[in-house]
Amino acid sequence: MQHKQSDIDLITEVLSGNTSVYSELVKRHQRFVFTLAMRFSKNREDAEEIAQDCFIKAYRALGTYKQTAKFSTWLYTITYTTSMSFLRKKRVEVQSIDETDSIIQLENHISDFNADVVEKKSGYVYLNQAIALLSADDASIITLFYQGEQSLEEIGKALNMESNTVKVKLHRARIRLKEKLQYLLKDEVKELL
């Protein structure tokens, strides 16, 4: 039985000259980096570009990685900053959940959701649709906490915030997510929550 190398072992190998093992780090983390990039950009092509940029930046900065946090936390910090820089360059306006226009936007999205009735029966699909309707900040905190299984402290490091601030933002993001789910699912939201 072969032993699976840790991220730290792979990083050590890359830094000692065996750059081909970097592809294993990419394979391990590409799905989540792409998911985060998608949450920010809300566009597949942009998310792919952001994810690629993240792995290139991570490779170039690998020598600066200190083991004070998990590699994934360090990588997600790069993902967050790369995504924000990309969005600033594109001058994408991220709407707040509290804006009245967001209800109109949500109603427009509802027509798109009616395309595949069988797939919509899955709570996971509904959840992803609701997360996609959140602001980039809310979506990233929800994604890091639940899908990335990052602690409040790790999210704080990734987003350059205090863990108490992350806790408050996570609480508020959950409330907004619940509102989105309630709008999407009406009475069915009670079964999911």
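The model is predicted: local features need pLDDT of at least 70 and side-chain atom pairs count only at pLDDT 80 or more, while totals for chains, interfaces and linings use all residues. Residues are numbered from 1 along each chain as its sequence is written, and side-chain values use heavy atoms, with hydrogens and water left out.

Of the 193 residues in the protein, 41% are buried. Buried means under 20% relative accessible area, exposed over 50%, and partly exposed in between (1.4 Å probe, protein chains only). The accessible surface of the protein is about 11800 Å², and carbon and sulfur atoms account for 50% of it. Such areas come from the Shrake-Rupley method with a 1.4 Å probe; for residues, only the protein chains shown count as cover.

In soluble globular proteins, nonpolar side chains tend to be buried together. A nonpolar core is a set of buried Ala, Val, Leu, Ile, Met, Phe, Trp, Tyr and Cys residues joined through side-chain atoms within 4.5 Å. The largest one here has 47 residues, and Tyr22 and Phe71 have the most contacts inside it. Among the elements that give two or more residues to this core are helix H1 (7–15), helix H2 (22–41), helix H4 (71–90) and helix H10 (163–185). H4 gives the most, with nine residues.

What does Tyr22 touch, not counting residues up to four places away in sequence? Tyr22 touches Val14, Phe55, Ala58, Tyr59 and Leu62. Contact means heavy atoms within 4.5 Å. Among contacts in the protein between residues at least 6 apart in sequence, 63% join residues at least 24 apart.

Rings of Phe, Tyr and Trp (its six-membered ring) pair if their centres lie within 6.5 Å; planes under 30 degrees apart count as stacked, over 60 as edge-to-face and the rest as tilted. The count is seven aromatic pairs. Tyr65 and Phe71 have ring centres 5.8 Å apart and planes at 90°, so this pair is edge-to-face. Phe71 is buried, at 3% relative accessibility. The rings of Phe71 and Trp74 have centres 5.7 Å apart and planes at 40°, so that pair is tilted. Both residues lie in helix H4, three residues apart, about one turn of the helix. Trp74 is buried at 17% relative accessibility, and Tyr65 is buried at 11%. Ring pairs link Tyr65, Phe71 and Trp74 into a cluster.

Definitions and conventions: Helices (H or I, at least four residues) and strands (E, at least two) are DSSP runs, numbered from the N terminus.
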